[in-house]
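Please keep the structure open while reading.

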Amino acid sequence: MTMGFAASARSTLGVEWELQLVDQDSNDLRQSADAVIERATVNGNLHPNVHREMLLNTVEVTSEPRTKVSECIKDLTDTIAFLEPITDSLRIDLASAGTHPFARPAHQLVTDSRRYAELVERTQYWGRQMLLYGVHVHVGVEDRAKVLPLQSAMTTHLGHMQALAAASPFWAGIDTGYASNRAMVFQQLPTAGIPRQFDTWEDLESYAESMITAGIVSGFDEVRWDIRPSPALGTIEVRAFDAATNIFEVEAFAALTHCLVEFLSRRLDAGEELESLPDWFVAENKWRSARYGLDADLIVDAQGATQCARDTIGEHVAKLVPVARHLDCERELSNVLTILEVGAAYERQRAVAAAFDSEEGLGAVVSHMRAEHRAGHPIEAEDFLSGYRPSHGAASTSE
């Protein structure tokens with residue numbers, strides 16, 4: 001088959017953020033997306049930056065295609081400001097993280113859609129476990145010949161991006177021991193997780209054709225790799241990020257992705273060959289970052305050398321500063337360094353939970369997620385706990 005790649009201006013940007021619908025009284029998830037969507041209209045039509053997702057406890061907000069991180073962030077914050085009066089009227093707060101700490105996957109309702117029904121029917125148990133939330137970042141690529149080298153080079157950074165954004169240590173009421181349990185669960189879908197790497201566009205087309213012929217997917221858009229080409233949009237899409245708990249971290253993830261793609265694109269323009277990692281090292285890095293987060297020793301070259309993710313990420317930010325200045329996102333890129341300093345979301349969540357001897361700690365984690373969403377930036381556990389007063393239903397993890 002022939003698979004085109006849409007025209008897209010170089011280093012244009014788009015951001016998607018999946019948000020949880022959290023009950024203001026119990027801190028549990030609410031299956032209320034239909035009610036929110038019904039009210040989220042402009043001149044009789046659904047708000048263009050509000051979207052349904054697979055589960056009825058979720059809405060997604062998106063930016064328009066933009067040239068700057070700040071413009072994407074304004075789209076997101078404007079859309080959230082539009083939604084908040086609607087959710088407040090339903091006694092719902094918007095919040096997010098890679099997972100909800102105590103909600104039970106089996107209790108969640110799926111959006112009435114043939115596409116989602118077929119996914120759950122095919123994948124059965126694992127399809128019903130997709131109680132997961134992410135941030136997706138698209139960056140425009142102006143030349144199809146660049147797409148696969150860029151994808152492979154970006155894949156060498158997969159573990160670092162996943163570690164930085166890890167925000168899902170808790171799952172169905174337990175601490176999993178992982179920084180990103182979302183990463184572990186999502187890859188159970190047959191076409192999700194670790195990216196496949198190809199040398200030529202024709203190889204990718206052959207892959208897509210064989211997947212469709214075998215009935216594995218009906219189209220390439222059903223291939224949900226952590227980093228993938230998005231031919232219909234003309235972008236590289238990074239899907240490795242757990243959903244951020246606050247807009248400050250969304251800025252960081254968007255800026256890091258934006259700068260990395262442009263930095264690598266400039267190297268291609270200069271005739272350089274970009275780095276790649278063998279598939280087995282990519283898989284190991286994905287597991288290590290999911291398990292250990294920023295403390296993971298990640299493989300940084302094809303010879304197997306390793307370095308702590310915290311150190312590597314800091315070094316990458318320093319290299320990207322000139323590109324960030326050009327893209328007008330130096331401040332947003334510096335947010336990455338703040339995350340390294342105050343701790344990633346999984347570290348903040350565990351610090352909150354550790355202040356309690358019982359399941360009440362998981363309710364406190366959700367309250368912390370809600371507080372960060374309202375504040376728009378990370379809140380260290382000590383600062384949050386100094387003013388925290390638990391509500392009567394906030395820690396329930398009962399069946």
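This is a predicted model: local features need pLDDT of at least 70, side-chain atom pairs count only at pLDDT 80 or more; totals for chains, interfaces and linings use all residues.

Rolling a probe the size of a water molecule over the atoms shows where empty space is left. In this structure, two cavities of 30 Å³ or more are found. The largest cavity has a volume of about 60 Å³, and its lining is made up of His157, His160, Met161, Leu164, Leu256, Leu260, Ile313 and His316. Three elements, α5 (158-165), α8 (247-269) and α10 (309-327), each give two or more residues to that lining. Helix α5 supplies the largest share, three residues. Sorted by class, the lining of the largest cavity holds five nonpolar and three polar residues, with no charged residues.

The second largest cavity has a volume of about 30 Å³. Around the second largest cavity lie Gln162, Arg182, Ala183, Phe186, Asp226, Arg239, Ala240 and Lys286. Here the elements giving two or more residues are α6 (181-186) and β13 (235-242), and the largest share, three residues, belongs to α6. Which classes make up the lining of the second largest cavity? That lining divides into three nonpolar residues, one polar residue and four charged residues. The lining of the largest cavity, by contrast, has no charged residues.

The cysteines come next. How many disulfides does the model have? The count comes to zero. Cysteine 72 is in no disulfide, and the nearest cysteine sulfur, that of cysteine 329, is 10 Å away. With a relative accessibility of 0%, cysteine 72 counts as buried. For cysteine 259, the closest cysteine sulfur is also in cysteine 329, at 3.5 Å. A disulfide requires the two sulfur atoms to be within 2.5 Å, so the 3.5 Å between the sulfurs of cysteine 259 and cysteine 329 is too far for a bond. Cysteine 259 is buried as well, its relative accessible area being 0%.

Helix α12 spans residues 345-353, and its buried residues are Ala345, Tyr346, Arg348, Gln349, Val352 and Ala353. Why do these residues fall on the same side of α12? They do so because they cover an arc of only 160 degrees around the helix axis.

Serine 11 has a phi near 55 degrees, which is a positive value in a residue other than glycine. Serine 11 sits in the segment before β1 (13-23). Is serine 11 buried or exposed? Serine 11 counts as buried because its relative accessibility is 7%, and the cut-off for buried is under 20%.

The phi of asparagine 43 is likewise near 55 degrees, again a positive value in a residue other than glycine. Asparagine 43 is placed in the loop between β2 (41-42) and β3 (45-46). At 76% relative accessibility, asparagine 43 counts as exposed, since exposed means over 50%. Serine 11 is thus buried, whereas asparagine 43 is exposed.

Definitions and conventions:
Residues are numbered from 1 along each chain as its sequence is written. Side-chain values use heavy atoms; hydrogens and water are left out. Buried means under 20% relative accessible area, exposed over 50%, partly exposed in between (1.4 Å probe, protein chains only). Helices (H or I, at least four residues) and strands (E, at least two) are DSSP runs, numbered from the N terminus. The arc is that of the directions from the helix axis to the C-beta atoms. On a 1 Å grid over the protein atoms alone, a cavity is a set of points where a 1.4 Å probe fits but cannot get out, and a pocket is an open set with protein on both sides within 12 Å along at least five of seven lines; lining residues have an atom within 4 Å of a point. Grid points are joined across faces, edges and corners, and a volume is the space filled by probe spheres set on the points. Ala, Val, Leu, Ile, Met, Phe, Trp, Tyr, Cys and Pro count as nonpolar, Asp, Glu, Lys and Arg as charged, and the others, Gly among them, as polar.
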